[in-house]
Amino acid sequence: MADGWIHGNYATVTVVSGDTTLDSTHAIVLVSAGATISLPTAVGVAGRLYNVVRTGTGLVTIQPGGAETISGDTPLVLTSQWDSVVFVSDGTNWVLLSR
């Protein structure tokens, strides 16, 4: 969203069932099947938030781009149904806020 993660009282919710590359149109991503969720570069998007939720039974792998990490880790794997993560760009890497 051009004006932030939450617009008014709402955030964009997207349901995906396969490999997906996140961009500025995503905020909350519900993953209904095994998939790899690729993150865009964290550079230049400080403050961008994503919430990824595994709603299905297949493994969900969250992969930052290049040498970037998510709080020092790469990749991050959601191993249980209803696992949820929230992370934010610090302008250089992704920072895990909640798991």
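Residues are numbered from 1 along each chain as its sequence is written. Because the model is predicted, local features need pLDDT of at least 70 and side-chain atom pairs count only at pLDDT 80 or more, while totals for chains, interfaces and linings use all residues, and side-chain values use heavy atoms, with hydrogens and water left out.

**Overall fold**

The chain has zero helices and nine strands, where helices (H or I, at least four residues) and strands (E, at least two) are DSSP runs numbered from the N terminus. The radius of gyration, taken over C-alpha atoms, is 12 Å, close to the 13 Å that the globule rule (2.2 Å times the number of residues to the power 0.38) gives for 99 residues, so the chain is as compact as a globular protein of that length. Its C-alpha trace spans about 35 × 35 × 20 Å along the principal axes. Of the contacts (heavy atoms within 4.5 Å) between residues at least 6 apart in sequence, 49% join residues at least 24 apart. Buried residues make up 38% of the 99 residues, buried meaning under 20% relative accessible area, exposed over 50%, and partly exposed in between, with a 1.4 Å probe and protein chains only.

**The nonpolar core**

A nonpolar core is a set of buried Ala, Val, Leu, Ile, Met, Phe, Trp, Tyr and Cys residues joined through side-chain atoms within 4.5 Å. The largest one in this model has 19 residues, and those with the most contacts inside it are V31, I37, L39, V52, I62, F87 and W94. At least two core residues come from each of β3 (28–31), β4 (35–38), β5 (49–54), β6 (60–63), β7 and β8 (84–89).

The table leaves out residues up to four places away in sequence, for which contacts are not counted.

| Residue | Residues in contact (heavy atoms within 4.5 Å) |
|---|---|
| I37 | V16, T20, L22, V31, V52, V60, T61, I62 and Q63 |
| L78 | V52, R54, L59, V60, I62, D83, V85 and R99 |
| T20 | H26, T36, I37 and S38 |

L78 lies in strand β7 (residues 76–78) and counts as buried because its relative accessibility is 0%. The C-alpha atoms of L78 and R54 are separated by 6.7 Å, although these residues stand 24 residues apart along the chain. T20 belongs to strand β2 (residues 20–21) and is buried, with a relative accessible area of 14%.
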